[in-house]
Amino acid sequence: MDHPHLIGDCLVHIFTFLSEEDLIRISSVCKDWHEAAETPWLWKRMCLQRWSFCNLAVLGEQVNRSWKRYFLRRCHLELKMTKGRAGGYICKSLRGHTGRVVGLVYLQGNSDQLPDLCSSGATVCSASSDGTVRAWNIQNGELLWCSPVQSPLTGIVIDEQREVVITADSTGLIKTWKCQTGQEVASFSTASQHCTLLQYNIKNDWFLSVGTSQGSVSTLAGSALTKKSSIIVCDTFKVNVLIVSPDKKCIMAGTKDNDNISPKVISTESLTSPSEDEDPLCQSVPVTKCQAAVFIHTQPARLAIIHCKESLNNKALTVFDVSIKKAKYKSEIQVQQVESFPLTLDSRASHILLEAKDSNCIVLAADQQLWVYSLKGAVLASFKEHTMPISSISVDRFRVVTASQDLSLRVLTWSNKKGDRMTLESQYHLLGGSHTMSRYSIIF
């Protein structure tokens, strides 16, 4: 007596021992083998074994989504990144600004998980010191819209979920714009010559925290920019470090302009829903002379800070876990040190960049050099391929892209070839990059 379901289950189990190449080959043997080899569970298993996170939504419409297609497309992307060459990429110039471009954000068509799988044209928005915001189709370099001229712009961020662009100008005027049309939605004046913008969503609510040159952090709600709170963080020194934790429960605010002021961790709840009777919940981080900081995105609130010890020549990287302990009548922020180790950076390095790949892999750049550190302080890789200082780095789970003042982009990819230890390998470089920024999805 035949048991077709039993035979099929046995085939699926046997096929779990095959590679993707063998699985594709044996699928053409016969109908039964083809059906077993096409089992979604097999390809889902292979995806999750190879990558810790998979997002089928990047494949587009539901009808086009399958674990097999995702696996094959993602492998193809990784191969392209490893074997890529300058001649295999398209470079489009986005011409129209008459001043310096101060920021670039993606409006649509881009996925942080797998950008090259998006079939629709990617749209970006740029802000310039010429006082305009411009939206572009980067597939063809076409200008989609341009805002009216205002004071020189100093920063730009975006809320992709609500399709709103936020800008700040040199007078401290914050504005929100509709991504699709460029229509101005609202404005708010901070009266600050310098503004650091941080947009984040808590559940279904939209917030913008603004660091000012007076040392305060103001928090606004909704695209209408309704003021919710304001807190002094750095006295009279400008707030130029402002980041939010992955769990959105706290932000870190600080300054690079004073050696004696410690950065502070502030509860977002006390900023977005302030109490009339209590000051915002705040705690100093036990370091001074902050040079750079990043929250590690794979942890709820793990904070890495590059700072100086005793003198500017003695730099260290310290990692903290941040948590909020709530009691019946009182809450407090706890900042607990996890690791700390010295950095062998050139004492003359003035511009330090810091990013995190995951909870055990830190990427930093100073001048022309790039380093990869483990959380224990081991140097996993280092590179000195640029001839001028690195101005920006972009890090994802596939690669690292660096932009330099030498007008080149360097592309490096992550590798597990040395046992289980993750390392970074230099692949190729592209000429014609930006003086000030790098974003990996602009390369296609």
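1. The protein chain exposes about 21,700 Å², of which carbon and sulfur atoms supply 49%; such accessible areas come from the Shrake-Rupley method with a 1.4 Å probe, and for residues only the protein chains shown count as cover. The model is a predicted one, in which local features need pLDDT of at least 70 and side-chain atom pairs count only at pLDDT 80 or more, while totals for chains, interfaces and linings use all residues. Residues are numbered from 1 along each chain as its sequence is written, and side-chain values use heavy atoms, with hydrogens and water left out.

2. The secondary structure comes to 6 helices and 28 strands, taken as DSSP runs numbered from the N terminus (helices are H or I with at least four residues, strands are E with at least two). Of the 444 residues in the chain, 49% are buried, where buried means under 20% relative accessible area, exposed over 50%, and partly exposed in between (1.4 Å probe, protein chains only).

3. Pro148 is found in the loop between strand S4 (142-146) and strand S5 (153-159), and it counts as exposed because its relative accessibility is 59%. Leaving aside residues up to four places away in sequence, Pro148 touches Gly131 and Trp177, a contact being heavy atoms within 4.5 Å. The C-alpha atoms of Pro148 and Glu184 are separated by 9.5 Å, although these residues lie 36 residues apart along the chain.

4. Two backbone angles deserve a look. Most residues other than glycine have a negative phi. Ala191, however, has a positive phi near 55 degrees; this residue lies in the loop between strand S8 (184-189) and strand S9 (195-202), and it is exposed because its relative accessible area is 56%. Lys289 likewise has a positive phi, of about 55 degrees, although it is not a glycine. Lys289 lies in the loop between strand S16 (282-284) and strand S17 (290-296), but it is buried, because its relative accessible area is 13%.
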